[in-house]
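Here is my note on the model, point by point. Please keep the structure open while you read.

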2 protein chains.
Amino acid sequence: MAELTPDAQTPARRGRGRRPADQVRAEILTAAGELLLAEGMAGFTIEKVAAHAGASRMTIYKWWPSKGALALDGYFTVVAPTLAFTDTADIVADLTNQLVAFVHLVRDTTAGRVISQLIGQAQTDPELAAAYRERYSGPRRALAVETLTRAMARGQLRPDIDSESVVDQLWGACYHRLLIADLPLTEDFARTLVDNLIRGLR
Amino acid sequence: MAELTPDAQTPARRGRGRRPADQVRAEILTAAGELLLAEGMAGFTIEKVAAHAGASRMTIYKWWPSKGALALDGYFTVVAPTLAFTDTADIVADLTNQLVAFVHLVRDTTAGRVISQLIGQAQTDPELAAAYRERYSGPRRALAVETLTRAMARGQLRPDIDSESVVDQLWGACYHRLLIADLPLTEDFARTLVDNLIRGLR
DNA sequence: CAGCATGTAGACAGCGTGTCCATATAACCG
DNA sequence: CGGTTATATGGACACGCTGTCTACATGCTG
């Protein structure tokens with residue numbers, strides 16, 4: 001694995017007493033995020049985070065309920081959310097743009113690996129699962145549903161469709177390829193997803 | 001957690017020397033499967049499997065490359081594959097039946113929890129990921145694609161659709177709700193998925 | 001200034017991993 | 001049948017991580 005922070009000389013010796021809470025939290029979070037990007041969930045350890053942050057493990061145990069919760073917090077600290085939804089008047093273009101952007105985020109940055117491993121960890125870490133739903137997948141889903149609802153209001157889509165299920169058939173299909181990876185997650189794939197749904201198979 | 005096998009008196013003392021390979025393998029696999037169903041991936045440990053099987057840890061390390069590979073083998077040993085695809089002449093009915101059956105398998109049996117945790121583990125266990133694709137998701141995907149291809153040949157679907165992407169939009173959507181669980185995975189949801197795709201959104 | 005909340009260092013037991021032996025015995029082959 | 005090889009076993013070991021507990025230092029608040 002790569003060096004985390006080449007110039008990360010542990011900031012001198014640090015005495016024993018209390019340090020400003022905000023500062024410690026910040027150091028722990030950036031250390032967690034960097035460790036996550038560098039080694040993934042496999043090498044992500046409370047002990048390592050504490051060491052990189054120059055903090056005590058006790059402090060971490062005190063403030064974070066689980067390894068996953070800490071990892072998620074660290075992820076948000078280091079990776080920008082990138083949640084913006086373009087909203088032109090064309091639902092097909094909007095969906096395609098969003099899906100393609102998502103595909104690129106997941107394929108061309110470290111985020112893809114991290115996200116899949118966070119979801120993986122969430123399968124056995126209820127604290128992380130709840131936090132992930134509340135802070136990541138929930139908001140993203142809401143934005144997509146909103147976009148679909150506006151298109152229905154504009155008459156671009158049938159008014160009786162279940163937007164939530166559509167979200168699962170677009171983004172869920174991408175997550176499927178991300179998490180199972182039988183087949184590659186490509187830009188063409190994203191376009192095909194929109195096309196399949198809009199035109200119908202018949 | 002529950003008792004694994006109430007009558008699991010360790011079969012007497014077992015000497016030191018070699019034992020029939022097949023017998024040992026079988027005992028390890030059933031122990032692995034039972035442990036997986038009883039405790040899930042969180043409590044799944046080489047040490048526990050060895051203990052329940054009355055075998056030596058060395059034997060397991062010798063024959064299985066990773067914890068995940070052992071878990072997957074154990075899963076297949078204990079849970080029947082249930083891979084049969086009904087094939088009437090009606091593609092809508094076929095897809096709906098299969099999806100509904102999948103939803104029930106995942107919701108009403110222990111399999112759902114185990115599958116999601118295996119996929120979760122696969123995100124940080126390449127050995128498991130490869131084995132899962134090859135032995136589970138691959139064959140299942142192939143069956144679904146086959147069904148779609150036949151329907152295209154019968155003229156029930158457009159001849160130019162990309163079957164693979166359709167699979168992602170049906171089963172992948174279900175996996176999405178299984179793994180993320182923002183929203184419940186219901187029978188109605190499965191029906192809606194098919195309906196969305198067949199009729200189109202427009 | 002006094003007292004409390006909080007961070008720190010260090011220790012500890014517990015558990016799982018991965019690896020190494022020496023030994024015992026099944027499986028195989030002449 | 002007998003000798004050789006492959007394999008399972010019990011045991012031990014060092015290692016790393018988890019959680020928790022203690023004693024102590026120090027910022028923060030009133």
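**Notes on the helices, the chain pair and the DNA**

1. Start with one helix contact. A:Leu105, A:Val106 and A:Arg107 in α5(A) meet A:Ala111, A:Gly112 and A:Ile115 in α6(A). Contact here means that the C-beta atoms of two residues, placed from the backbone, lie within 7 Å. By class, the contact of α5(A) with α6(A) has four nonpolar residues, one polar and one charged. Ala, Val, Leu, Ile, Met, Phe, Trp, Tyr, Cys and Pro count as nonpolar, Asp, Glu, Lys and Arg as charged, and the others, Gly among them, as polar.

2. A word on the source. This is a predicted model, where local features need pLDDT of at least 70 and side-chain atom pairs count only at pLDDT 80 or more, while totals for chains, interfaces and linings use all residues. Residues are numbered from 1 along each chain as its sequence is written, and chains are lettered from A and ligands numbered from 1 in the order in which they are written.

3. Now the geometry of that helix pair. Helix α5 (residues 91-108) of chain A packs against α6(A) at an angle of about 90°, and the axes are 5 Å apart. So α5(A) is roughly perpendicular to α6(A). Axes are lines fitted to C-alpha atoms, for helices over the stretch in contact, and angles run from 0 to 180 degrees between N-to-C directions. Angles under 35 degrees count as roughly parallel, over 145 as roughly antiparallel, 65 to 115 as roughly perpendicular, and the rest as oblique.

4. Next, the fold of chain A. The chain has nine helices and zero strands. Helices (H or I, at least four residues) and strands (E, at least two) are DSSP runs, numbered from the N terminus. Along the principal axes, the C-alpha atoms of chain A fill a box of roughly 70 × 30 × 30 Å.

5. How do α6(A) and α7(A) pack? Their angle is about 130°, with the axes 7 Å apart. That makes α6(A) oblique to α7(A). A:Leu118, A:Gln121 and A:Ala122 of α6(A) make the contact with A:Leu128, A:Ala129 and A:Tyr132 of α7(A). Five of these residues are nonpolar, one is polar and none is charged.

6. The chain pair comes next. In chain A, 43 residues are in contact with 43 residues of chain B. Four helices of chain A, α6 (111-122), α7 (126-153), α8 (163-179) and α9 (187-199), each supply at least two residues of the side that touches chain B. The largest share, eleven residues, comes from α8(A). By class, that side of chain A has 17 nonpolar, 16 polar and ten charged residues.

7. One helix pair spans the two chains. The axes of α8(A) and helix α9 (residues 187-199) of chain B come within 10 Å and cross at roughly 70°. α8(A) is therefore roughly perpendicular to α9(B). A:Ser165, A:Val166 and A:Gln169 in α8(A) meet B:Phe189, B:Thr192, B:Leu193 and B:Asn196 in α9(B). This contact has three nonpolar, four polar and no charged residues.

8. The same surface serves both copies, and 100% of the contact residues of chain A recur in chain B.

9. On to the DNA. A residue counts as near a strand if its C-beta atom, placed from the backbone, lies within 6 Å of it. DNA strand C is surrounded by 26 residues, the closest being A:Arg18, B:Gly17, B:Arg18, B:Pro20 and B:Ile46. Here the division is eight nonpolar, six polar and twelve charged.

10. Last, the record. UniProt places the feature "DNA-binding region" (unreviewed entry) at residues 45-64 of chain A. Such annotations may be inferred rather than shown by experiment. In the model, this span is 75% helix and 0% strand, and its end C-alpha atoms lie 13 Å apart.
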